[in-house]
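Please look over the sequence and the structure below before reading on. The report then takes up a few topics in turn.

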Amino acid sequence: MAEEVSLENGELTCYNKGCGKRYTEEENNDDSCSYHPGVPIFHDAMKGWSCCKKMSTDFTTFLSTPGCTNGRHSNVKPAEPQKTTSQPLSGEVNKEGMELQRKKKPPMERPSGDLPMMKLHYTVVPSLTAKLKKIVEEQASKPKEEVREEDEDEIQIGTKCKNMGCDQEYHSTASNLTDCIHHPGGPVFHDGYRYWSCCQRRTSDFNEFLKQEGCTSGRHVW
């Protein structure tokens, strides 16, 4: 509620926006006060008044902007503005010069984890294509080295299989005769789920993901 305030020596404080001077009623006339009848606007780091459109990025300059209208001083405190919820502003201004709040959009529903997988379409930019082509040409121009089969004696005892999902260790040549149960695909982490692209057994627990048994049988890679 608005209230009038007076000082002990009879002077009054003007509460018109942009004024703030002290005065007496005997000195108060129609041209005594220079003030802003509009409201302050704050938008995109700019500060100004809706009545005169003088904008500034500096807050001190905004406070010291001279009033654009002359009138009588008023020692009536303006009513406190109503508090509103902090929502993003839309950039639109109402009749009083205040920015309007955006309408809050409802949150999007999270898709089900049981939906079928979709293959993402990708585009390779020309610069990357040229780079890959250069690498392939450089590899093709190099002399081919003779591929030497690794001697069984060079495999260290206790070496783990490098195939994903296989935890077998090399003990002797007999280890080559055991089946390698592994994941030929790669790990996928999406929307809180973890799974292998080859079998897609989804779980949200990382330890359970690591314990998943392979889905394909093959040879060990030491």
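## Confidence of the model

Over residues 85–89 the pLDDT stays under 50. For this stretch the model has 11 contacts beyond four places in sequence. This is a predicted model, and where pLDDT is low, the predicted coordinates should not be read in detail.

For the chain as a whole, the average pLDDT is 79. A score of at least 70 is reached by 81% of the residues.

## Aromatic rings

A pair of aromatic rings is described by the distance of the centres and the angle of the planes. The count in this model comes to 6 aromatic pairs. In one of them, W49 and F62, the ring centres are 5.2 Å apart and the planes are at 25 degrees. Planes under 30 degrees apart count as stacked, so the pair of W49 and F62 is stacked. W49 belongs to strand β5 (residues 46–49) and F62 to helix α1 (residues 59–63), so this pair ties together parts that are 13 residues apart in sequence. Both W49 and F62 are buried.

F62 also pairs with F59, with ring centres 5.7 Å apart and planes at 45 degrees, so this pair is tilted. F59 and F62 both sit in helix α1, 3 residues apart, which is about one turn of the helix. Is each of these two residues buried or partly exposed? F62 has a relative accessible area of 4% and is buried, whereas F59 has 42% and is partly exposed. Together, F42, W49, F59 and F62 form one aromatic cluster.

## Salt bridges

Side chains of opposite charge can pair when their charged atoms come close. How many salt bridges does the structure hold? There are 2 salt bridges. In one, the side chains of R72 and E25 meet at 3.9 Å, N to O. This pair links distant parts of the chain, 47 residues apart: R72 is in the loop between β6 (69–71) and β7 (89–93), and E25 is in the loop between β2 (22–23) and β3 (33–35). R72 is partly exposed, with a relative accessible area of 42%. E25 counts as partly exposed too, at 43% relative accessibility.

R72 also forms a salt bridge with D30, and here the closest N and O atoms are 4.0 Å apart. This pair again links distant parts of the chain, since R72 lies in the loop between β6 and β7 and D30 in the loop between β2 and β3, 42 residues apart. The cut-off for exposed is over 50% relative accessible area, so D30 counts as exposed at 54%.

## A nonpolar surface patch

Which residues make the nonpolar surface patch? The patch is made by Y122, V124, V125, L128, L132 and I135. Its area is about 580 Å².

One of these residues, Y122, lies in the loop between β8 (99–101) and α2 (126–141). Y122 has a relative accessibility of 69%, so Y122 counts as exposed.

Notes:
Residues are numbered from 1 along each chain as its sequence is written. This is a predicted model: local features need pLDDT of at least 70, side-chain atom pairs count only at pLDDT 80 or more; totals for chains, interfaces and linings use all residues. Side-chain values use heavy atoms; hydrogens and water are left out. pLDDT is the predictor's confidence in each residue, from 0 to 100. Contact means heavy atoms within 4.5 Å. Patches are made of residues with over 30% relative accessible area and no salt bridge: like charges are joined within 9 Å, nonpolar side chains (Val, Leu, Ile, Met, Phe, Trp, Tyr) within 5 Å. Accessible areas come from the Shrake-Rupley method with a 1.4 Å probe; for residues, only the protein chains shown count as cover. Helices (H or I, at least four residues) and strands (E, at least two) are DSSP runs, numbered from the N terminus. Buried means under 20% relative accessible area, exposed over 50%, partly exposed in between (1.4 Å probe, protein chains only). Rings of Phe, Tyr and Trp (its six-membered ring) pair if their centres lie within 6.5 Å; planes under 30 degrees apart count as stacked, over 60 as edge-to-face and the rest as tilted.
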